[in-house]
Amino acid sequence: MNARYLFFGGKGGVGKTTAASATALYLLNKLKKDESILLFSTDPAHSLSDSLDVKIGNRLVEVKQHRGARLFAYEMDASLALERFRGEHGKVLAEIAERGTLLDEDDINELLSLSLPGMDEVMSLFELSELDREGAYAHIVVDTAPSGHTTRLLRLPEVFERIVRTLDLMSEKHRYMIEQFARRRAPLDKVELFLRDLNERIASVRKLLYDTEQTSFTLVTIPEAMSVRETQRYLELLKEQGVPVRDLIVNRVEQEHEGCEYCHARVLGQKKWLKEISRAFRGLEFHYVPLQAQEVRGAEALIKVGKVIWNSH
């Protein structure tokens, strides 16, 4: 776990938030004095508050300290960030649309409303890259939205790049015309400054997701048919997109208990899927987490789970 950015993803309801929170607390205990960790949620359903048993919300909150090291958490409200972005840059977007003829009406409307599928998620990562601009955190642990949302998110930087390239072409055409009439080099205007900033943001998001030296993606699943199948599809997409996937957490593994017929039936039912997991995800590092007797909530319970996950090898 040397990566700086640690993403946790999978089907909804398999324990991603628990795994992410447990990992953040596990890493906190290994930090030096004055170092810090950020636990960041891009999941619209935000469960960090429930998992940590601390009210967080759309703000940066210090959750815990350990020997001078600090853990911060943030449940990003992506829809608010998107509205703020629209408010700040709506006029520039409108001006870009007026300048060019390379976009049709649907493209312009999509651009002005920023209604591309997955925009909420990419706004979360824009905000995360801003938070990390000074590189203040030793680790950033990201609890992602369920796999369907993240699938859109992974494709969006590429879509954004195509849009920005088109906007750049429109801007260059506009600049060329001004220079021809004015007979001098035109200074960078607000549109070009906006596009430059947008390019930098997209580059930061790409680094967050795809940097093999700094980023590690951990999948979380449970040994049941729907979860295993969806996780397989998710892994294929992540590999196709070039995301560095390294670990697989298999959560809620049933164990035998003397005299418990239900437990025995559950063990038999999971056996087939545990075998399928070991075959389908060969090459990943496996981490098995037994089904817990009580709900995993609060720092103490999460620290125990973190040790189970990461001390199992």
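Select L248 first: opposite it, in β8, stands F286. This is a predicted model, where local features need pLDDT of at least 70, side-chain atom pairs count only at pLDDT 80 or more, and totals for chains, interfaces and linings use all residues. Residues are numbered from 1 along each chain as its sequence is written, and side-chain values use heavy atoms, leaving out hydrogens and water.

Now show β7 (245–253) and β8 (285–290). They run parallel, joined by 5 bridges. (Strands are DSSP runs of E, at least two residues, and helices are runs of H or I, at least four, numbered from the N terminus; two strands pair if DSSP finds at least two bridges between them.)

Next, helix α10 (299–310). It packs on the sheet, touching β1, β3, β6, β7 and β8. Contact means heavy atoms within 4.5 Å.

Widen to the sheet. Its 8 strands are ordered β3-β4-β2-β5-β1-β6-β7-β8, open, with mixed pairing. β3 (61–66) and β8 are the edges; each has a single partner strand, so one side of each lacks a neighbour in the sheet.

Last stop: the largest pocket. It holds about 510 Å³ of space. Closest to its centre, among 29 lining residues, are V14, G15, K16, T18 and R252. (On a 1 Å grid over the protein atoms alone, a pocket is an open set of points where a 1.4 Å probe fits, with protein on both sides within 12 Å along at least five of seven lines; lining residues have an atom within 4 Å of a point. Points join across faces, edges and corners, and volume is the space filled by probe spheres set on them.) Select α1 (16–28): it gives the most to this lining, 4 residues.

Definitions and conventions:
Axes are lines fitted to C-alpha atoms, for helices over the stretch in contact, and angles run from 0 to 180 degrees between N-to-C directions.
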